[in-house]
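Here are a few exercises on charged side chains and how they pair. Try each task yourself, then read on through the solution.

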Amino acid sequence: GPQGPPGSPGAEVTQEVLLQEFKEMIKEATEKRAAVDKPNEPSQLPTALITLESMTSYRRIEEAFHCKLKGPVVVDKKTLAELQNFQTPPAKGAFLRGTGMDQSTGRFTAPVTGIYQFSANVHIDHTEVKKSKNQLRARDNVRVLICIESLCHRYTSLEMIVGLESNSKIFTVSVHGLLELQAGQYTSIFVDNAAGASTTIQNGSDFMGMLLGV
């Protein structure tokens with residue numbers, strides 16, 4: 001006889017669906033066995049299934065870094081400077097995953113389009129400002145920014161502004177937040193010294209970042 005009409009396409013079987021079915025099969029088989037062996041005691045999930053659950057709860061972070069500035073950087077008065085020459089600290093706990101971070105240029109280039117988290121702790125020595133004969137003015141401050149493509153005003157940037165009235169020799173400016181990067185775009189740290197004398201960025205100032213998701 002003539003061939004019948006084609007049937008409707010089946011549902012797409014994803015990895016999650018297969019994994020769930022596998023878990024249910026193990027659970028059902030375990031419960032049946034427990035009912036035969038110990039009918040009065042509740043069944044427990046096998047160790048293999050518990051291990052499988054824990055493995056699927058975590059994912060490897062492919063792009064992440066924690067690096068520190070190699071040496072001091074002098075930022076002249078009324079100057080915007082990009083921080084370069086970082087290194088991964090030898091102490092345990094620091095890390096450099098993926099290929100996005102170029103420590104020599106201080107720039108992290110996004111391998112994929114996604115949401116990234118960045119933070120920086122910049123240690124600033126403002127001894128020269130305190131030595132200056134000019135009295136501190138309200139506009140004498142330091143800005144620390146994490147910018148996209150070195151275009152701090154064209155793109156959204158992470159920014160922190162701090163005045164220079166601190167009595168200590170060195171103070172720390174911290175900035176952190178989230179940015180969406182397109183694949184191939186880079187971010188880096190800028191220091192904007194609006195004071196009437198130079199400031200020095202101390203070695204050990206750090207730059208951190210990671211890919212949160214796409």
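Predicted model: local features only at pLDDT ≥ 70, side-chain atom pairs only at ≥ 80, totals over all residues.

**Exercise 1.** Which residue pairs with K68 in a salt bridge, and which strands do the two belong to?

*Solution.* First, the partner is D206, with the closest N and O atoms 3.5 Å apart. Now place both residues: K68 sits in strand β1 (residues 64-69) and D206 in strand β14 (residues 206-213), so their pairing ties together parts 138 residues apart in sequence. Then compare with the cut-off for buried, under 20%. D206 is buried at 8% relative accessibility, whereas K68 is partly exposed at 26%.

**Exercise 2.** What does the salt bridge between R107 and E82 tie together?

*Solution.* Begin with the contact: the closest N and O atoms of R107 and E82 are 2.9 Å apart. R107 belongs to strand β7 (residues 107-109) and E82 to strand β3 (residues 79-82), so this pair joins parts 25 residues apart in sequence. R107 is partly exposed, at 26% relative accessibility.

**Exercise 3.** How many salt bridges does the whole structure hold, and which residues form a network?

*Solution.* A search of the whole structure gives 5 salt bridges. The network links R143, E159 and D192.

Notes: Residues numbered from 1 in each chain as written. Heavy atoms only, no water. Salt bridge = Lys/Arg side-chain N within 4 Å of Asp/Glu carboxyl O. Helix = DSSP H or I, 4+ residues; strand = E, 2+ residues; numbered from the N terminus. Buried < 20%, exposed > 50% of the residue type's maximum accessible area, 1.4 Å probe, protein only.
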